[in-house]
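Take a short walk through this structure. Keep the sequence and the 3D view side by side as you read.

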Amino acid sequence: MPMFKNLSEKQNPYFGVLISYVSKGISFVLSFISIPLLLNNLELSQYSLWITLVSIVNWINLLDLGVGNGLKNTIAKYNHLRDKKECAYYITGTFQFFSLISGFLVILTLIFSKYIPVIKINIGYSFLLYLPIICFFPFTTFNAVLQGNLKNGLLSIISLVRALWIFFAVLLFKYTSSDKIIICAICYNIFNILYFIFILFSIKKIYLFSLSQIFNFKLFVFGLKIVRIGLEYFILQVTSLIQFSMGNYIIYNLFNNQVASFDLLNNKIYANLAIFFNAGIAVFWPQFTSAMASHDAEKLIKYRSQLLIMLIVYIFGLGISIPIITPFVGWWTQGKILVNIKDIIPFVLFNIVLSINYYEAVILNAAEKINIQILFSLMTSILFITLVSFSKYFLIKSYIIIPIINTLILIPSFFIYKIHADRIVNSFRSE
């Protein structure tokens with residue numbers, strides 16, 4: 001309908017961002033409410049299984065080797081060319097590649113299940129929970145397709161429905177005497193089956209894609225093309241993960257438990273706040289890719305300005321959070337960790353600089369200019385580890401030295417990212 005034209009995500013990225021915000025906000029509340037319900041109704045070993053499941057899902061998502069980002073960019077490009085046949089080939093090749101990974105993970109699960117205590121003790125539950133998740137992994141191909149087709153809003157709605165579905169399953173605990181972990185597993189798997197059937201028919205309608213193509217292994221070469229693109233994104237993810245993991249290791253070894261807890265707690269708080277800005281990044285990324293594919297400098301500049309407004313609002317929100325987080329930390333930790341405003345400011349400054357870096361880097365991601373980011377990620381990782389190792393000699397409070405170091409090493413990368421991002425945008429403007 002014409003009156004809803006401006007609400008389309010293709011016409012107005014803010015619409016996709018709004019849906020994502022609402023979805024993530026409601027999902028967060030449902031997750032928060034579900035924790036005591038799960039603890040009260042599941043045995044400790046079963047609750048451990050459920051938490052492990054969530055962790056495994058996150059790790060499996062990392063095992064896509066960056067292919068999801070590569071496919072998202074490719075779909076956004078070919079959408080502009082309206083080449084549905086070529087899109088279907090890339091979708092099929094990626095699905096075949098993910099199927100190989102899925103098969104490999106199933107074999108690893110069967111081999112190593114007896115060596116992982118939480119799985120070994122509950123072998124039946126484990127297979128009921130984990131094997132379907134691994135088998136569904138190839139279907140995550142379609143998530144990237146939706147993103148590339150500028151349908152992040154739809155993906156957010158589906159995520160919200162999943163959260164509501166799982167919450168409904170948890171509420172059933174009160175009214176059933178059945179094994180509750182099995183209810184969780186069945187509900188989770190039923191949703192995934194219905195979700196992927198819905199997505200499959202949607203993709204089939206948009207593109208010239210059919211299930212019979214999955215067995216055409218000549219199309220695997222298209223999957224390998226996506227893998228080559230995706231590996232750069234994967235290397236960038238891994239270098240960032242290494243920096244984070246090494247940072248935690250060094251903090252635990254150099255500082256006392258209170259300092260380590262304070263640092264990790266603040267990181268957790270601001271990581272949750274960063275989800276909202278990252279949601280905007282996820283929506284605008286394929287918009288940038290599509291504008292570049294169409295050589296539409298006007299749209300590229302327009303989308304960049306819109307994302308800049310989001311960045312300013314987010315930074316303003318971080319500033320407002322300072323007097324709120326201070327009493328919240330004391331309440332949340334039941335007085336075990338007490339902070340003042342001066343302690344919080346370094347963490348806020350770090351997150352501001354980090355978000356500005358993301359704002360510039362998304363242009364590089366959309367243009368598939370990843371090498372410069374990988375180089376700087378490696379350099380900052382080495383510099384971070386070196387500075388933190390010698391931080392005990394700095395005349396600064398130990399619990400704020402980590403965000404200060406992170407902020408200082410990110411500033412040079414901001415200027416480099418900005419120069420390259422401006423160069424990319426200006427190259428389209430001069431055409």
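Q147 sits in helix 7, which covers residues 141–148. This is a predicted model. Q147 has a relative accessible area of 18%. Buried means under 20%, so Q147 counts as buried. What does Q147 touch, leaving aside its neighbours within four places in sequence? Its contacts are K72, N152, L155 and P286.

Now turn to the aromatic rings. The structure holds 13 aromatic pairs. One of them joins Y89 and F222. This pair is tilted, with 5.2 Å from centre to centre and 45 degrees between the planes. Y89 belongs to helix 4 (residues 84–112), while F222 belongs to helix 10 (residues 220–254). The pair thus links distant parts of the chain, 133 residues apart. Ring pairs also bring in Y90, giving a cluster of Y89, Y90 and F222.

Is F222 buried or exposed? F222 is buried, at a relative accessible area of 13%. K225 lies over the face of F222, 4.9 Å from the ring centre.

Another pair is formed by F95 and F139. Here the geometry is edge-to-face: the centres are 5.2 Å apart, and the planes make an angle of 85 degrees. F95 lies in helix 4, and F139 lies in the loop between helix 6 (123–136) and helix 7, so the pair ties together parts that are 44 residues apart in sequence. F95 counts as buried, at 6% relative accessibility. F139 counts as partly exposed, at 21%.

Notes:
Residues numbered from 1 in each chain as written. Predicted model: local features only at pLDDT ≥ 70, side-chain atom pairs only at ≥ 80, totals over all residues. Heavy atoms only, no water. Helix = DSSP H or I, 4+ residues; strand = E, 2+ residues; numbered from the N terminus. Buried < 20%, exposed > 50% of the residue type's maximum accessible area, 1.4 Å probe, protein only. Contact = heavy atoms within 4.5 Å. Phe/Tyr/Trp six-rings, centres within 6.5 Å; stacked < 30°, edge-to-face > 60°. Lys NZ or Arg CZ within 6 Å of the ring centre and 35° of its normal.
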